[in-house]
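Here is a short briefing on the structure shown below.

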2 protein chains.
Amino acid sequence: MIIDCHGHYTTAPAALQKFRDEQVAGLKGGVDIPLSKQPSISDDQIRDSLENAQLKLQRVRGTDLTIFSPRASAMAHHIGNETTSQRWTQACNDLIHRVCTLYPENFEGVCQLPQSPGAAPVNSAAELERCVEELGFIGCNLNPDPSGGHWTSPPLTDRHWYPLYEKMVELDVPAMVHVSSSCNPNFHATGAHYLNADTTAFMQFLTGDLFKDFPTLRFIIPHGGGAVPYHWGRYRGLAQDLKRPLLADYLLKNVFFDTCVYHLPGIELLLKVIPVDNIIFGSEMVGAVRGIDPETGHYFDDTKRYIDALPLSEADRRKVFEGNARKVFPRLMLGR
Amino acid sequence: MIIDCHGHYTTAPAALQKFRDEQVAGLKGGVDIPLSKQPSISDDQIRDSLENAQLKLQRVRGTDLTIFSPRASAMAHHIGNETTSQRWTQACNDLIHRVCTLYPENFEGVCQLPQSPGAAPVNSAAELERCVEELGFIGCNLNPDPSGGHWTSPPLTDRHWYPLYEKMVELDVPAMVHVSSSCNPNFHATGAHYLNADTTAFMQFLTGDLFKDFPTLRFIIPHGGGAVPYHWGRYRGLAQDLKRPLLADYLLKNVFFDTCVYHLPGIELLLKVIPVDNIIFGSEMVGAVRGIDPETGHYFDDTKRYIDALPLSEADRRKVFEGNARKVFPRLMLGR
């Protein structure tokens, strides 16, 4: 089985965005539109949104299961207040649940959290529990910067986040560290903010003692770990200068990287420097880059092709494509 | 000749930091200590600070000339106000000038700029001109985020920065895009903020039209370009999706990467994906990572070893070690 750990519902029916647009428009007049005002979405509309996109790409590329979450750039936790975020999050997660119910062979759910700038992370625990216990989701996306590019929250190693981590540990679900869109004009979302957040989170984990307090807490750093594998020597050296443990002995028991790196040399580097036990296949499809690479004639985000091109042992290939995902997402085991 | 384009005076005599400490302490009482209050530094103190550090490392590693600038993390443009920054900058630049005067064969100067949050970049033009015209410097370090991790300035492609670029073009000097220390607890300086700034600047250049307006403006993105080469497929794909020109046809006439990547696989990737004409040897020594890599027995930041290990043609090797630096820093040609 080939499990893609990083897929977003970027092709959701237009009615979802319509609800969001009305929600955002309502904020200007001080109105927070209730969930009951959502336009209805039929099962056929959901099928139509997937058949020619994610499902087709699964077939064409030869992958089996996508761990699927709401569109990351649309989480936009910086818009509105906590109520806004709770309602929008529930709408998005409920739709992911419908996808997983319609196509149980193809998708497993990962939830967005109702984060909001200044709100306590523990306030996201109830939605996480609802998604895992009631909807059968297997993980969450955690935004280290709900302010959308202003970075006003404490680092992920701060006790500020601990009550949410307690819930993650209790439910035995990992988080992908994933920012959303940026309202800071310095940061292009998919070209800077995403990668910066990946790099930032890793360095926070390196300098903090989080995994002493939560030895079973697990994070996936997406987009191939941001800048981290390319600068693996810098991180090994910084850990040494800072008298931190060896990365392989400490961080790599809890931190994993996906393979959303859109060219062969990048994936080669990733597999060369990061232990294979810490690499989980992902494509981010349908996502950040949608075109065909004129240098190869294939989609940039068809990351399976890059892994297929590497001289990995069959055992290592199975870890990247399936085994590591099952280890990091143990709830995925329950149903399959 | 082997030219290291990225060295900082991280070993400056303690009197420099003493002046800075007094300056910062004075700010609390509303006093901005004048430059005349600097403790004196003797030529011998300068020699002592270099002989067993940068100069020794040049000899041991077999490099000839370092393009040398004040300690980047100490620029700290976010501390105090514009006057604070002007005085501190002048003190730092004057000391670099003394280094270059004492060791003209070993160092060429690059200046810090007296940036300050909210201050117009054009206010740095006079110090740039002083350093280039009077002190013989050949470039500058430009901080895209004088706020120190809060990213409150407009992107580098905004007209906000244009008057300073006009001075750079007039003087024919490049800038290294280099942030300083971070006062945002999310960002470790050398482990996150530096690399994020590199990535961010590149994406700003990719999305903007800066080089149409300034076809001869040149930037070096340090630390091997942050996350960019590792994600070169993503950037090629984003440029295509955004209907931007091919990176090789547009950005790469104006943007260059140094080789401050502290392991062989990273340097291999850099040379594999980025055209050799855009790569300039640099080590950041004595800098971000100071230890010896237990996996190789050599200093992490001895980046020359990694390049030496690659099967480059002699012509390409000369470009990386010398030719590209001479092209990007034309004032270096004048004196040598």
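β2(B) pairs with strand β3 (residues 107-111) of chain B in the parallel sense, over three bridges. Strands and helices here are DSSP runs, numbered from the N terminus, with at least two residues (E) for a strand and at least four (H or I) for a helix. Two strands pair if DSSP finds at least two bridges between them. The model is predicted: local features need pLDDT of at least 70, side-chain atom pairs count only at pLDDT 80 or more, and totals for chains, interfaces and linings use all residues. Residues are numbered from 1 along each chain as its sequence is written, chains are lettered from A and ligands numbered from 1 in the order in which they are written, and side-chain values use heavy atoms, leaving out hydrogens and water.

**Strands of chain B**

- Helix α4 (residues 82-102) of chain B carries the chain from β2(B) to β3(B), in a right-handed β-α-β crossover. Right-handed means that, with the strands pointing away from the viewer, the path from the first strand over the helix to the second runs clockwise.
- Strand β1 (residues 3-9) of chain B also runs parallel to β2(B), and five bridges join them.
- In that pairing, B:I3 stands opposite B:L65 of β2(B).
- Strand β2 (residues 65-70) of chain B is mostly covered, with six of its six residues buried. Buried means under 20% relative accessible area, exposed means over 50%, and partly exposed lies in between (1.4 Å probe, protein chains only).
- In a regular strand, side chains alternate between the two faces of the sheet.

**Interface of chains A and B**

- Contact (heavy atoms within 4.5 Å) links 58 residues of chain B with 58 residues of chain A.
- The buried area between chain B and chain A is about 4,600 Å², and carbon and sulfur atoms give 54% of it. This is the accessible area (1.4 Å probe) that two parts lose on being put together, summed over both.
- Three residues, B:N186, B:Y230 and B:R234, supply 19% of the area that chain B buries against chain A, more than any other three residues.
- Eight salt bridges are counted between chain B and chain A. A salt bridge is a side-chain nitrogen of Lys or Arg within 4 Å of a carboxyl oxygen of Asp or Glu.
- A:D293 and B:R236 meet through their side chains in a salt bridge, at 2.8 Å from N to O.
- On the side of chain B that touches chain A, the elements giving two or more residues are α7 (189-207), α9 (232-241) and α10 (264-273) of chain B.
- α7(B) gives the largest share of that side, 10 residues.
- A:Q204 lies in helix α7 (residues 189-207) of chain A.
- A:Q204 is buried, with a relative accessible area of 5%.
- Leaving aside neighbours within four places in sequence, A:Q204 is in contact with A:P155, A:L156, A:T157 and B:N186.

**Backbone points**

- A cis peptide bond joins A:M285 and A:V286, with omega about -5°. A:V286 sits in the loop between β8 (279-280) and α11 (303-308) of chain A.
- In chain B, a cis peptide bond joins B:M285 and B:V286, with omega about -5°.
- B:H223 is not glycine, but its phi is positive, near 50°. B:H223 is in the loop between β6 (219-221) and α9 of chain B and is buried, at 0% relative accessible area.
- B:K243, also not a glycine, has a positive phi of about 60°. B:K243 is in the loop between α9 and β7 (255-258) of chain B and is exposed, at 75% relative accessible area.

**A:D258**

- A:D258 is in strand β7 (residues 255-258) of chain A and is buried, with a relative accessible area of 0%.
- Not counting residues up to four places away in sequence, A:D258 touches residues including A:C5, A:H6, A:M176, A:H223 and A:G224.
- A polar atom of the A:D258 side chain lies 2.9 Å from the backbone nitrogen of A:G224.

Methods:
Polar contact = N/O pair within 3.5 Å; in protein donor to acceptor, adjacent residues only side chain to side chain.
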